[in-house]
Amino acid sequence: MASLSELPALRNYSKPFGIRFLEYIKKGKLSYKTHQAIVLIVTFLAYTCYHATRKTTSIVKSALDPQSPDVSLKFPWRMTYLSSPAEKKGFSWVLGDGWAPFNGSDGSALLGQLDVAFLSVYALGMYFSGHLGDRMNLRVFLTVGMVGTGLFTSLFGVGYWAKIHSFYYFLIVQMIAGLFQSTGWPSVVAVVGNWFGKKKRGLIMGIWNAHTSVGNIAGSLIASALLSYGWGWSFVVPGLLIAFVGLLVFLFLPVSPESVGADKEEDEVGSPRKIGEGVTEPLLGSDAEIKETAVGFIEAWKIPGVAPFAFCLFFAKLVAYTFLYWLPYYISHTAIEGKYLSSETAGNLSTFFDIGGVLGGILAGHISDRLDARAITAATFMYCAIPALYFYRTYGHISLVMNIALMFICGMFVNGPYALITTAVSADLGTHSSLRGNSKALATVTAIIDGTGSVGAAIGPLLTGYISAKSWSAVFMMLMGAALVAGLLLTRLLVAEVVARISESRSQAGGSQPTSQDEE
């Protein structure tokens, strides 16, 4: 057993090499706020890279399968376009007819199977990742996940130079990549949760969660720019980038204040809970002397609010990930002002959905903070997404400007609740009063909510692969139905929040009215 004099040395040894180097340059300890800034920057970059590598598949889709069946251009909600298939072929790039086996009549179905394989393993891995994340060093865990993601993303691109045309090669590579990708979200949310208290959590995490959209935008731009050099580069470059950032995570990411000996500031510690109260806990405010045990999987499901939000995210992510994986393909296979866009242009245009998502995430976080009502905010955004999806499908073809504007609005309402639930809501529930201040639940709760959502994320793109071959209008009907169900699943929590707001306003009004004795 180590002596007391050895404990400081052990604590210093747990500091990342990068933190120790910065302290050596500064000739002193880093402040708590400096550590917070490092955490935000490093985790932001980390998950930006996760999404950048995830986005490349949707950009390369239309290059692997450039063919557009005539039936997919027949829209019952509006007139059919007169552009001939010959005009459509004008955007074919260096490989001409795509890449076998995806350039056949069942190409879109095969691409949909790749998506569901990736996301199914991702969803399953998410549950295990959260369980492991609460029991391991998150810095090492996240580094392994990022390097592994980079390796298998690059191996998908290697199929271009190796002239691999086996569907099972791409399927297996995507499945293993999905497993490594599942390490990201529970880890980064848990680390951020270790460093930030509940004050303005929705707004801070809404801004921080912009990494999802920034990653999608960066992935779209990088993959689109490299397509003309060969679709393999669209995978290899993002793969190398995430592996490099993974090394930065290993060098610089402080997992928790305790791991680097940082003293929590007053506003981060939070006030102690009063007798009879159960809502004034800090995000992760535990005493070092109290030995905490990780919360079990079933126990985490029983936390009030976890199940409704998890199933809501199932349908919210179904909508969001259908756009993530199929929007560039949809744009390139849909005539806008009577003309089809190239794969590269469609990929760049799709970034406006993610730009809208950035604004939506920030707005949802800010509004939910002001109202102190997560369910009301999330449900309202999901209901607003329904007409937004309808208008985009019906009027998006009129002009490029109209398409961009409606796409931006769709991104705002679709990604707003998705961002809110996966960040602030997960952090709220991961530190619920029923846990009695136990900090060993955040990664598990985050994994349960996002893992359940990822099942929906797998189903959406898979169904789209089959349905889009017959009608894109049917795809949008599916998305609108999913948005409706997502909102309805929060009805009980929404009603509870409304009742709480009404009771609060009545008590305030009652307290401000003068009594009869005062009037006399």
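Y321 is buried in this predicted model, and Y325 is buried as well. These two tyrosines both belong to helix α15, which spans residues 306-332, and they stand four residues apart, or about one turn of the helix.

**Two aromatic pairs**

- The ring centres of W185 and W208 lie 5.8 Å apart and the ring planes meet at 20 degrees, so this pair counts as stacked, given that planes under 30 degrees apart are placed in that class.
- W185 and W208 are both buried.
- For Y321 and Y325, the ring centres are 6.0 Å apart and the planes make an angle of 35 degrees, so this pair is described as tilted.

**An aromatic cluster**

- One aromatic cluster is formed by W99, F102, F156, Y160, W161, F167, Y168, Y169, F170, W231, W233 and F235.

**Charged side chains over rings**

- K61 is positioned over the face of W326, at a distance of 4.6 Å from the ring centre.
- R139 places its charged end over the ring of F250, and the distance to the centre of that ring is 4.8 Å.

Methods:
Residues are numbered from 1 along each chain as its sequence is written. This is a predicted model: local features need pLDDT of at least 70, side-chain atom pairs count only at pLDDT 80 or more; totals for chains, interfaces and linings use all residues. Side-chain values use heavy atoms; hydrogens and water are left out. Rings of Phe, Tyr and Trp (its six-membered ring) pair if their centres lie within 6.5 Å; planes under 30 degrees apart count as stacked, over 60 as edge-to-face and the rest as tilted. Buried means under 20% relative accessible area, exposed over 50%, partly exposed in between (1.4 Å probe, protein chains only). A charge sits over a ring if NZ of Lys or CZ of Arg is within 6 Å of the ring centre and within 35 degrees of the ring normal.
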